[in-house]
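Visitor: I am new to this structure and would like a guided look. Could you take me through it step by step?

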Amino acid sequence: MKAFVAVADSHSFNEAARLLFVSQPAVAKAIRELEIWAGRQLVIRSSRGTQLTPDGVSLLRRARGILDQVARAEHEFAGSGPHEHVNLGLTTSASVAVTPTLVDFKKRNPDTGWTVLGGSRRPLFEKLYNHTLDLVIATLPDNLEEMGTGLRFEPLLRLPTVLTVAKGDPLEKARSLADLTQAEWLFAESEQSFDHHFRGAFAEAGVDRLPSFTRCESTFLVLALAARPNTVTMWTGLAPSAMKLQLKVLGENISSLALKEKLPDITVCIVYRSDLIMTPAIQRLLDQMRRLKDRDTLDLGPDAPMLSVG
């Protein structure tokens, strides 16, 4: 399995051998034996490199999961470091809403190790598919089908959209989105998400063309840029209160806008594979995140349905 995954990642038998510190014939032998076991061709070698067959692509996901569980078992029984580990992905848009809960989880579970990766939804979901991550906390995608199959989306919070500008900036006087078309916008997701999120509200304000925006996935860079003149930043509803300390440390000073247009709400969800092996540590984190429903500012409710794709 290790040879197969290494070949898939490197697209080369020679590079896979180098990564695994074995000979190239040893990698080729391992792939042949795996194909005999599977009863079908998994890898195609050509002058353009090495590619997986459709059956190979299908097996790759399971192979990553098997290797992940073997690595976890080796770690747990080795007796070094935390015996439990959670691999978590966190998008910028969702991070400000759930950071206090994650800090509390770490406080309650000091012996649980964790790895936290940031970024936008699609790359994090790819890592979820590849078993690099166990869970991803993100804003709900516009189109679940585009995220692929085999994932479960569990809503946690539905929060209002909050727009902020630098305190003292003339934009503070804005009362409509029409007053913000010449500003620079900061947004953590894709252009498609920006269009989906704001198209209706701008149409209500009589604006046909959306303003330009800077896509920024770094929370700390957003904090640093949010107080620049002529800048509009979008946050989830909890952001201004959740990030007060960071804003103070960075010397930033922002204020939220009160606009006449109704801005769409943001749903924060936790996402995981349908075949996820629910370890005790993962279950504890899920249980603690689900308690966020009890303080949902827009009454998502504790019985909000889970969404599945595939």
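Guide: One term first: a residue is called buried when its relative accessible area is under 20%, exposed when that area is over 50%, and partly exposed in between, using a 1.4 Å probe and protein chains only. In helix H1, the buried residues are Ala3, Phe4, Val5, Ala6, Val7, Ala8 and Ser10. H1 is thus mostly covered, with seven of its nine residues buried.

Visitor: What kind of model is this, and how are residues numbered?

Guide: This is a predicted model, in which local features need pLDDT of at least 70 and side-chain atom pairs count only at pLDDT 80 or more, while totals for chains, interfaces and linings use all residues. Residues are numbered from 1 along each chain as its sequence is written, and side-chain values use heavy atoms, with hydrogens and water left out.

Visitor: How many helices and strands does the protein have?

Guide: The secondary structure comes to eleven helices and 13 strands. Helices (H or I, at least four residues) and strands (E, at least two) are DSSP runs, numbered from the N terminus.

Visitor: And what share of the residues is buried?

Guide: Buried residues make up 48% of the 310 residues in the protein. The protein exposes about 15,700 Å², of which carbon and sulfur atoms supply 53%; accessible areas come from the Shrake-Rupley method with a 1.4 Å probe, and for residues only the protein chains shown count as cover.

Visitor: Back to H1. Which residues make its contact with H3?

Guide: From H1 (residues 2-10) and H3 (residues 24-38), the axes come within 9 Å and cross at roughly 110 degrees. Axes are lines fitted to C-alpha atoms, for helices over the stretch in contact, and angles run from 0 to 180 degrees between N-to-C directions. H1 and H3 are therefore roughly perpendicular to each other; angles under 35 degrees count as roughly parallel, over 145 as roughly antiparallel, 65 to 115 as roughly perpendicular and the rest as oblique. Ala3, Phe4 and Val7 of H1 make the contact with Val27, Ala30, Ile31 and Leu34 of H3, where contact means heavy atoms within 4.5 Å.

Visitor: How many of those residues are nonpolar, polar or charged?

Guide: The contact of H1 with H3 divides into seven nonpolar, no polar and no charged residues. Here Ala, Val, Leu, Ile, Met, Phe, Trp, Tyr, Cys and Pro count as nonpolar, Asp, Glu, Lys and Arg as charged, and the others, Gly among them, as polar.

Visitor: What about H2 and H3?

Guide: The axes of H2 (residues 13-20) and H3 come within 8 Å and cross at roughly 105 degrees. H2 and H3 are therefore roughly perpendicular to each other. Phe13, Asn14, Ala16 and Ala17 in H2 meet Gln24, Val27, Ala28 and Ile31 in H3. That contact has six nonpolar residues, two polar and no charged.

Visitor: Now the strands. What order do they take in the open sheet?

Guide: An open sheet of five strands runs E9-E8-E10-E7-E11, with mixed pairing; two strands pair if DSSP finds at least two bridges between them. The edge strands, each pairing on one side only, are E9 (213-215) and E11 (254-256). From one strand to the next, the twist averages 30 degrees.

Visitor: How do E8 and E9 pair?

Guide: E8 (residues 184-187) and E9 pair in the parallel sense over three bridges, and Phe187 stands opposite Arg215 in E9.

Visitor: Which helix lies across these strands?

Guide: Helix H7 (residues 191-204) lies across E7 (161-166), E8, E9 and E10 (231-236), running at about 120 degrees to E8.

Visitor: Is Thr233 buried or exposed?

Guide: Thr233, placed in strand E10, is buried, with a relative accessible area of 1%. Leaving aside neighbours within four places in sequence, Thr233 is in contact with Val162, Leu163, Thr164, Leu186, Val222 and Ala226.

Visitor: One last topic: how does E6 pair with E12?

Guide: E6 and E12 (residues 266-273) pair in the antiparallel sense over eight bridges, and in E12 the bridge partner of Glu154 is Ile270. Seven of the nine residues of E6 (residues 151-159) are buried, so E6 is largely enclosed by the rest of the structure.
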